[in-house]
Amino acid sequence: MAPSNNRRPGFSRRAQYGVFASYVFAVAGMLVGVILLALSYFDPTTFGAARTAVAEVTAPVSSVLSYAGRTVGSVPDGVGSYFMVHEQNFALRRQIADDHAVTMRARAINYENRRLKALLGLRERISVPVVSARLVSSSPTSTRRFAVLNAGSWQNVERGQPVLGPDGLIGQIVESGPNTARVLLLTDPESSVPVRRTRDGLPALAVGRGDGLIDVRSVSNAAATFAPNDVFVTSGAGGVYPPNVPVARVLRHGRDIVLAEAVMRASTLDFALVQRAFLPAPPPPAAPPVAVPKP
Amino acid sequence: MRSRHRGPFDEASETRLSRLLPAFSVMLGSCVTLWPTIAGFPFLPPVGLLMLLAWRLIRADALPIWAPLALGLFDDLLSGQPFGLGIATWAMCFFMIDLIDERLMFRDFWQNWLIAAGGTAFYLVVGRLAAVPFGAPVDTVVLVQVLTSIMLFPVVSLLCAWLDQDYEPA
């Protein structure tokens, strides 16, 4: 198709000036865009208010879509569960009987553990849940890994709080609006979580890669070796994440830096639990009283 | 001004819907990111940008020269890319297409596809450089995303052409 040359509107001065002005406006807007991009490059949290304001409007749309998807998706599951009910019932009963002894032993150990801790005079912090809500959407076109949570500051969700799933850690709140919040997922390249190995307590950092996987980087001085299926849990260092939440599972052999996958695959089907930051930062010191010179 | 009697080769009269339809369809393309899924890696092409380029390449007067500023702002608020990326790069794409139109007397679909491929790759690569530290191992996923976006352009182009056809009450 031949391009129509709409930049020469004819002999009308007025129309020519109009076209010229629109180009001036577009170039100026582009330069403003470049400045905004530079601003958000140096401080990614700028304009978070505008983003959360839009998310307030769009999150209900996503959650309705998600609800519809869940409802339709649960139909075959519901139909399928009617078959094999008797066999399943029998198997579950047997499993409960088998687990009874283990449960009793665990109760005894739990009691003993509490008693010993009391004897040692340890003060334990308990992670306080804030709210449980669903993740409704994410950023599938961007190289950043964000998700939108369907709860915000009206539900006491604040910036910096950890987000947990049923199997392990999901991420951290980075922006919070009235009714929605943005979650930085573990797989984001800017995310970094202090972890330790379950087997021997080897300290490491779980850093997101941006392609769905996680790099586990050893922080100890000695050369560390990793084996597949090593599980890393949060260490509680830094005071944001509560300790002993599963984070990553190592995929292959390696030294010092190794590829791992997140234990918790975040999805819109599960609930996400927001907790209070484990050791909240101390409140800012009160401003010193200004000495008023006496006249 | 609406003529009472239209010949078979006259253009369809412009309505408010037909004037705003390009912008609305681009915004709807930006809204594809609202689909309820938690992406582990960037798998979705920038559908809003593809719609914008398709409209601009099919019908040069579909959108004014300043339209990518507003539409890019809307996309930035939804896409999770750094704020300002859409405003700057979408406007640059429009300027580039204007320059190409100045040189090229005639475009066919293959050239449209090539121009759109350049624009999409430009947006995604600048987004990757601005959003993520330089050493992050996301280059392969971004390359795959660029390729899927380029492959999707003919479909989006067909969709825009279908939206652009004149609806005639019989």
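Gly40(B) is partly exposed, with a relative accessible area of 30%, where buried means under 20% relative accessible area, exposed over 50% and partly exposed in between, for a 1.4 Å probe and protein chains only. The model is a predicted one, in which local features need pLDDT of at least 70 and side-chain atom pairs count only at pLDDT 80 or more, whereas totals for chains, interfaces and linings use all residues. Residues are numbered from 1 along each chain as its sequence is written, chains are lettered from A and ligands numbered from 1 in the order in which they are written, and side-chain values use heavy atoms, with hydrogens and water left out.

Gly40(B) is placed in the loop between H1 and H2 of chain B; helices (H or I, at least four residues) and strands (E, at least two) are DSSP runs numbered from the N terminus. Leaving out residues up to four places away in sequence, Gly40(B) touches Arg145(A), Thr187(A), Gly210(A), Asp211(A) and Gly212(A), a contact being defined by heavy atoms within 4.5 Å.

The secondary structure of chain B consists of six helices and zero strands, and its elements follow the order α-α-α-α-α-α from the N terminus on. The C-alpha trace of chain B spans about 65 × 40 × 25 Å along its principal axes. Of the 170 residues of this chain, 51% count as buried, and 70% of the contacts in chain B between residues at least 6 apart in sequence join residues at least 24 apart. Chain B exposes about 8,800 Å², of which carbon and sulfur atoms supply 71%; accessible areas come from the Shrake-Rupley method with a 1.4 Å probe, and for residues only the protein chains shown count as cover. Within helix H4 of chain B lies Ile100(B), which counts as partly exposed at 27% relative accessibility. The C-alpha atoms of Ile100(B) and Leu163(B) are separated by 25 Å, the two residues being 63 residues apart along the chain.

In soluble globular proteins, nonpolar side chains tend to be buried together. A nonpolar core is taken here as a set of buried Ala, Val, Leu, Ile, Met, Phe, Trp, Tyr and Cys residues joined through side-chain atoms within 4.5 Å. The largest such core has 54 residues, of which Leu52(B), Leu63(B) and Phe153(B) touch the most other members. Two or more residues of this core are given by each of helix H1 (13-42) of chain A and, in chain B, H2, H3, helix H4 (85-103), helix H5 (109-131) and helix H6 (139-164). H2(B) supplies the largest share, ten residues. With its neighbours within four places in sequence left aside, Phe153(B) is in contact with Leu50(B), Leu53(B), Ala54(B), Leu57(B), Phe109(B), Asn112(B), Trp113(B) and Ala116(B). A second, separate core of 21 residues includes Leu164(A), Ala206(A), Val245(A) and Ala260(A).

Grid points are joined across faces, edges and corners, and a volume is the space filled by probe spheres set on the points. By this rule there are two cavities of 30 Å³ or more. The largest cavity holds about 140 Å³ of space and is lined by 18 residues, of which Ser137(A), Val148(A), Arg182(A), Leu77(B) and Leu78(B) lie nearest its centre. The elements that give two or more residues to this lining are helix H2 (48-80), strand S1 (129-138) and strand S2 (146-149) of chain A, together with helix H3 (67-79) of chain B; H2(A) gives the most, with five residues. The lining of the largest cavity has nine nonpolar, seven polar and two charged residues, where Ala, Val, Leu, Ile, Met, Phe, Trp, Tyr, Cys and Pro count as nonpolar, Asp, Glu, Lys and Arg as charged, and the others, Gly among them, as polar.

The second largest cavity contains about 70 Å³ of space. Its lining has 13 residues, of which Thr141(A), Thr33(B), Pro46(B), Val47(B) and Asp75(B) lie nearest its centre, and the elements giving two or more residues to it are helix H1 (16-30), helix H2 (47-58) and H3 of chain B. By class, this second lining has six nonpolar, six polar and one charged residues.

Definitions and conventions
1 Å grid on protein atoms, 1.4 Å probe; cavity = no way out; pocket = protein on both sides within 12 Å on 5 of 7 lines; lining within 4 Å.
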